[in-house]
Each structure stands twice: as C-alpha cells, then as structure tokens.
Amino acid sequence: MAAVKQTIEHVESLEKYQHGFSTDIAQDFAPKGLNADIVRFISAKKDEPEWMLAWRLDAFERWQAMDEPEWAKVHFPRIDYQDSYYYAAPSQKKGPASLDEVDPEILAVYEKLGIPLKEQAVLAGVEGAPRYAVDAVFDSVSVVTTFKKELAQVGVIFCSMSEAIREHPELVRNYLGSVVPVSDNYYACLNAAVFSDGSFVYVPPGVRCPMELSTYFRINAENSGQFERTLIIADKEAYVSYLEGCTAPMRDENQLHAAVVELVLMDDAEIKYSTVQNWYPGDPVTGKGGIYNFVTKRADCRGDRSKVSWTQVETGSAITWKYPSCILRGEGSVGEFYSIAITNGRQQADTGTKMIHLGANTRSRVISKGISAGKSSNTYRGLVSAHPKAKGARNFTQCDSLLIGKTCAAHTVPYIEARNGSCVFEHEATTTKLSEDQLFYAMQRGLSQEEAVQLLVNGFVKDVLQELPMEFAVEAQKLVAISLEGSVG
Amino acid sequence: MLHIENLRAEVDGKEILKGLSLNVPAGEVHAIMGPNGAGKSTLSYVLTGRSGYDVTGGTATLDGEDLLALDPNERAAKGVFLSFQYPLEIPGVPALTFIRTAMNAQRKARGEAEISAPAFLKLAREHAAALKIDFEMLKRALNVGFSGGEKKRMEIFQMSMLAPRFLILDETDSGLDIDALKIVSEGVNAMRSPDRGMLVITHYQRLLDYIKPDKVHVLAGGRIAATGGPDLALELEREGYDKYARAA
C-alpha cells in the first residue's frame, strides 16, 4: 500500500525519463571503429594477460564471419559497427584504491541515480536498512566496488571483471565462455572480442552470500557502445542474490548495449539474478535515439538440485532482444523466469526465455507479464525443451499480455519441444485490454486516471514484482509507473 | 444538496436524458424507479462523469457546486459515491489496498492528511464486522472470484469506509438473496444522516421495504414522469410502468 502511494507521489514529481542527464567527465576513448587493433588496444588498456588477448582476437575473427540475426520481431536500420567507440572510460591513471579516489563527478552521478556507493553511509543508516554491495560500471569500466572486505571475510569474491582477470585468472579461464560460447551468437561474439568490464562473483562451497550484490551500469559517453560481461559462479551449496540496474542519458543517436551474463551453478547451489533495466527508450514520438539492448544471458545448472531464478523488469531501451535462459543439466535442477516487459512510445521488445531440460526430474517455471502502450510492440518468445534423458521434466508457463490503448501490439511466440514421453509441459496465455470500465471504477473511488492505471498495472504485474528482492521491488514499481506515464488519454 | 435542472445527455449520439430535473435535499433518501431503458443507469453515470456519456444541456450541482465540470475522481473527492450495479474485478489488487489508495487520493484532493495504517485497519475491522464481511476476504484481490452478493456487500463496505456525502445506489438489490439484502440495507441505513443525501435506483419495490425513501420518482422517457411518497412505489409494483412508458 505504501509502495503504491509512493509510486503515485514519485510519478508526480518526475519528468518522462529521469535518468536522461549526461555528465561531463574527462574520458579516454579508443579510436572510433572496430578492427583487430582496437581489440588489442582494449586488451592493452586493461593490462590483460596474453591468453585473454588471444581469446578476444579469436572471437573477433569469428565475429567477422557471422551475420546479424534477423528472426526477432524488431525493426531497426542496420547498425554501422565502424561508427562507434568501443572503449570509453573515465580518465584515471589507475583503478581507484578506495572510494575517496573516485572522481567526485562520477560519485555525483550515482548519487543522482539514488545508488549508494558510500559504504559508511549505508552502514550508518537505520538499523535493518537494506545493505547491498555495489559494483558501479561507468561506460566501459568498473569505477568502484563496495563492501569487498566484508565479503572477502566469508570467501566471496566480488570485483570487476578486469580485476578478476588479473587476480583470479584460474577461475576466469576455467569458466569464461563456458556457458555462452564465444561464437554463440552475433552479439555475444562481438562482446567476447571487445568487452570492457563487468562484474565477477565467486561464492565458495557452502557459503550463503551475506548481502545482496548489485551492479549499476551507466552509459554516459556519446557514440559509444557498452559491452560488459558478467560471470557468477556459485559453488556447491552456495547462495547468492544479484541485481543489475541500468540507465543512460538521452541521446539522439542509438547506442548499442551488447552484454553477456554467464551463471554457473554446482550441486545444490542457488542464484537469484534480478534485472531492473531502464536504458533510455528513445523519443516517445519520433522514436529517435535510445539504446539497442542486445543481451545474452544464460545460466548453466551443472550441479544436481541447483536452482536459478531470473527476474527482470524491462522498461527501457528502444529495442530489447534478450532471452535469459536456463540449461537444466543437473538432476532435479530448477529454473525460473519472472519477467515484466513494458513498452511505450515507439519501443520494441522481443524477449522471453529458454528452459532447456537436459537432466532427469528438472523443473522450470515461467511467468511473463508484457505490457504494451503507445505505438510499441511487445513480443514474448520462449522455448521449453526436453532432451530424451530429461525424464519427468516439468514446466509451467504463464504468459499474460496487457494492452493499453489502440495502437500497440502484443505477440506471444512459444516454442515447445518434448523429446521424451514423460515430461509435463503446461502453457497458459492471456491477452487483456486495460478496460475503460475498470479505470472508471477506480476513478469513481477517487483515483486520478494516472493513479488508476498504475494501480491496475501494479495488480497485473504483482506476481513478478514479489519475486524481486524487497528493496528493489519498490524501485521497480516506480519504474513501471514512470514508463506508462501518459499512456492513456 | 443535489440539484439537477433540465439535464440532457446522450450516448453514442442517442439522447437518453431529455430534460431531467430533480432535487434531493440533505438528509433525504430519494428512490428512482422506472422501466428498463428509461435512463436510470445513464443518470448515475452522468452524475459521476463516466466518459461516453455526453451532457448536451442542463446543470447538476452538489451544494451549489457544478458537478459536470469535474473529473470523476474530483467528484469522488467532493463526496459523490456510486455503488455499481456490476462492480468490477481488480486482479492483483487486494480490496484493502484499493480502498486505502482511494481514501488517501480523496483526502489528498481535499487537502487532508493521509490516514495512518493502524487507523485505517481499525476502521476497516469495524466496518467489516458491521457488514459481516470476513476480514480475510479484504486481503484478496478486489471482487475477483466474489459472488454477486459478496460484490454488492463490498460496494457498501467501500461506501461506509469512504463516508461520502452523496450516495447513488444503482440496482443494489439485484443479485442479492434476502439475508444479504437485509445486511446491505442495514449498512445503507446506518449511513442516513441529516447532512447526507441518497439516490436509490431500483427496479423493484422490494428494496424500499428495507431502505425507506422520503420520495419516489418515476423515470421514464428520459424525464421524471411522476413524483410521490413511498406509496407510489407500491402502486408501481401493482400496476407496472405501462402508463408512464406510454406517456413518454
């Protein structure tokens, strides 16, 4: 209830896209364009070992031989990959040793976004206030990671990918690209060649990570793409909850965001991965600008009884192309996917999941809530597949679409493959229009039209919102409200 | 209190209200009866500002204030409440959340402070008990999976929680068995007060045995065709609406 109230108040005080500011910060750029020398430049900038450079160059070579995928239900002009910067970083001699060394301008940006980077500030808060460690990625590089010491005490490694490559090469070499192979798809391959940073998490056997981990991504530089790579390994009986948040300034040109996220789960491990994505969606009327969000996310449940849960709230980006997937290899492993995808204005989203059942008695659950408004298009695309060995595999999929107004579109494209006779797959789908009757009913009770829309939409997405960690559920609820501002009437 | 003068309104270009005039002073309960299609529900929607019901002439004021110029939520904040003939289902929104959000929206519009959570819950428990509503039901999504009678009871619950100044009951008796009808009527009667007005729209006299009106109006052909005391309702029950329908 309080959250609804807060949502309502929040929206009233907001502009359309509140993260649309950009910041003047001294930046280092790689020369514009993409070739093997740029790949070497990035690798050198990051002081990478030889094996990493070789990996990147191999990826770049493969990428050149690949074609962009065209099967998604999204339309956009061809991307000129030579017309972008592949490396942008705040100028700084070395990585900051502590928060005090971080450019205050950058800290100000995060403060403006409401993200606490100051551990002391978080610690000094009210008792019982949420505590979470943050890795802040600004354009191409991680600027700061908080709570590292406290996490290290229990053996949890949480650092930037660049640091992991230097400090924990054995882990990185072992797992990088083992879930999403270098040449998995066009964008993942491009990422492998030019990825600049991202987060790395390792949770040792039997350890329950004592706090939420989160990464905040911010694209700031103009004409630059962001290619981050995240790798999370939960060893036997380990547990970690991880959240990523994304924002970008308003720019007239499109910016490419091609990230790769790999999750590895051993026996009895559990990872909860939540995303609140609010990249700049482009101009709502002309469709100009906005982020192309072409992301590959995959979890590999290698261990028996391991469990992975993806929760995503997708409100931003001009185009979203994203299918967080679960490979259910371990016997009795569990995959979950909870999604809220909202499109407004001229946004296009083609998103969903893949549940690939390889092991016996594996279970998966998909709850997808798509909301379309304005002149947007929202597609759910999901694969549920059972291998011959996946005896007793079970899936439940629920896919609901809500239409607001007369000019938007919702599509549902389920793919179901059962290659043994003992699996049980259920698929439920509904499409509803936000009804005038419901709106009037709520307004007759005293809610304004905007408040009524928010209340009804919050009711529609409730099943998914409650999967988010508490402290982010409120944030997500606000986002839902903001994204749908002006969608009626 | 409510003052309607020569009100004309159309739906999809078809005129439904054709110069309706009506006065409901504070403290009184007026019943509106009439045949199907006479414009009873249209009147309730026009008074509450539903889109698609276009006013083409006349006035409607509440204590001198022009209602027709206000948005539906502004009218609600002024104290106009409509108990719907067919209450809507609101999936995913618990009844308590819905009512508290509405209550605070109204309070805010009136420049009042929000109600605190404990005060709200206390109020809700009191009113739920009076209407014999299981408190657990209020934690479920509003009206989703409720029976017709439960939905109507929930309307009266919302009404008693929001404590409006002017009540419009649209066919509140439809779908109610006799026990539910008694409970609902008691809830409505409990709200009678010298500074509150009520418009009870009904098809049947039955409801008026429980909610005793001060005046009964016959709505036919988009106008008030006759006005009388409670006896008029009994006469209508015996003789039907034929004479008024034909006159219109």
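Q: In which strand of chain A does Ile342(A) lie?
A: This is a predicted model, in which local features need pLDDT of at least 70 and side-chain atom pairs count only at pLDDT 80 or more, while totals for chains, interfaces and linings use all residues. Residues are numbered from 1 along each chain as its sequence is written, and chains are lettered from A and ligands numbered from 1 in the order in which they are written. Strands (E, at least two residues) and helices (H or I, at least four) are DSSP runs numbered from the N terminus. On that numbering, the strand that holds Ile342(A), covering residues 334-343, is E17 of chain A.

Q: Is Ile342(A) buried or exposed?
A: A residue is called buried if 20 or more other C-beta atoms lie within 10 Å of its own, exposed if 12 or fewer, and partly exposed in between, with C-beta atoms placed from the backbone. Ile342(A) has 28 other C-beta atoms within 10 Å, and therefore counts as buried.

Q: Which residues is Ile342(A) in contact with, leaving aside its neighbours within four places in sequence?
A: Two residues are in contact if their C-beta atoms, placed from the backbone, lie within 7 Å. The C-alpha atoms of Ile342(A) and Leu479(A), which are 137 residues apart along the chain, are separated by 9.7 Å. The contacts of Ile342(A) beyond its sequence neighbours are Glu314(A), Thr315(A), Ile371(A), Val480(A), Ser483(A) and Leu484(A).

Q: At roughly what angle do the axes of H10(A) and H11(A) cross?
A: Axes are lines fitted to C-alpha atoms, for helices over the stretch in contact, and angles run from 0 to 180 degrees between N-to-C directions. Gln438(A), Leu439(A), Ala442(A) and Met443(A) of H10(A) meet Gln449(A), Ala452(A), Val453(A), Leu455(A) and Leu456(A) of H11(A). By class, this contact has 7 nonpolar, 2 polar and no charged residues, where Ala, Val, Leu, Ile, Met, Phe, Trp, Tyr, Cys and Pro count as nonpolar, Asp, Glu, Lys and Arg as charged, and the others, Gly among them, as polar. The axes of H10(A) and H11(A) come within 9 Å, and their crossing angle is roughly 120°.

Q: How many residues does chain B bring to the contact with chain A?
A: On the side of chain A that touches chain B, helix H1 (2-12), helix H10 (436-444) and helix H11 (449-465) of chain A each supply at least two residues. The residues on that side divide into 9 nonpolar, 5 polar and 5 charged. Chain A brings 19 residues to the contact, and the number from chain B is 23.

Q: How many residues of helix H1 of chain B are buried?
A: Helix H1 of chain B spans residues 40-48, and Lys40(B), Tyr45(B) and Leu47(B) are among its buried residues. The helix is followed by Gly49(B), whose phi is positive, near 85°. H1(B) is mostly covered, and the buried count among its 9 residues is 9.
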